[in-house]
Amino acid sequence: RRWQFPLQPLERHQSAALWHCLKEYGPQFDWMTFIDVDEFLFLIAPDNHTIPPSFSTFLSDYKPYGAVLVDRLEFGPSGHNKRPEGLVIENYTKRRATYSPVKSIVRPEYVTGQGCGGVHTWTLKGGGFGVDASKDERHTDC
């Protein structure tokens, strides 16, 4: 389905689309995140040894927070000159040594706007903050 957005001159289309989605559909959900088709979320419990059975289980411990901020790891071509047969997660295994900006899993009721990280971060009510998987405070603004 296609949506028409009343965009202002120079407004970023992806930002506008995500903001529209959050405001229009956010009230129907406890949590939302926005990931691209070539991105994956792989959850490991804070003990770094177990995989939670579901997103709901993982996020149930973070209800008091406005956002869970997830470090992004960027994988490159991994030596391939053309797309190989098989699964992306099996063929593309080499990544940058450093982390990229975070991705946010947000509680829509806490969100007041987009943060300085563009579509990856959000500003939260009352100067609220997000946490990482270990529940260490990480601010969502710059």
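1. Trp19 counts as partly exposed because its relative accessibility is 28%; buried means under 20% relative accessible area, exposed over 50%, and partly exposed in between, with a 1.4 Å probe and protein chains only. The model is predicted, so local features need pLDDT of at least 70 and side-chain atom pairs count only at pLDDT 80 or more, while totals for chains, interfaces and linings use all residues. Residues are numbered from 1 along each chain as its sequence is written, and side-chain values use heavy atoms, with hydrogens and water left out.

2. Aromatic pairs come to 3 in the count. Rings of Phe, Tyr and Trp (its six-membered ring) pair if their centres lie within 6.5 Å; planes under 30 degrees apart are stacked, over 60 edge-to-face, and the rest tilted. Trp19 and Trp122 are stacked because their ring centres are 6.1 Å apart and their planes stand at 25°. This pair links distant parts of the chain, 103 residues apart: Trp19 is in helix α1 (residues 13-25) and Trp122 in strand β5 (residues 122-124). Helices (H or I, at least four residues) and strands (E, at least two) are DSSP runs, numbered from the N terminus. Trp122 is buried, at 2% relative accessibility.

3. The rings of Phe58 and Tyr62 form a tilted pair, with centres 5.1 Å apart and planes at 35°. Phe58 is buried at 6% relative accessibility, and Tyr62 is buried at 2%.

4. One aromatic cluster is made up of Trp19, Phe34 and Trp122.

5. Two charges sit over rings, as follows. Lys135 lies over the face of Tyr62, 5.4 Å from the ring centre. Arg107 lies over the face of Trp31, at 5.6 Å from the ring centre. The criterion is NZ of Lys or CZ of Arg within 6 Å of the ring centre and within 35 degrees of the ring normal.

6. The largest pocket holds about 1,200 Å³ of space. A pocket is an open set of points on a 1 Å grid over the protein atoms alone, where a 1.4 Å probe fits, with protein on both sides within 12 Å along at least five of seven lines; lining residues have an atom within 4 Å of a point. The lining has 33 residues, with Phe40, Phe42, Asp71, Leu73 and Phe75 nearest the centre of the pocket.

7. Strand β2 (67-72) and helix α3 (88-91) each supply at least two lining residues of the largest pocket. The largest share, 5 residues, comes from β2. By class, the lining has 20 nonpolar, 4 polar and 9 charged residues; Ala, Val, Leu, Ile, Met, Phe, Trp, Tyr, Cys and Pro count as nonpolar, Asp, Glu, Lys and Arg as charged, and the others, Gly among them, as polar.

Note on methods. Points joined across faces, edges and corners; volume = space filled by probe spheres on them.
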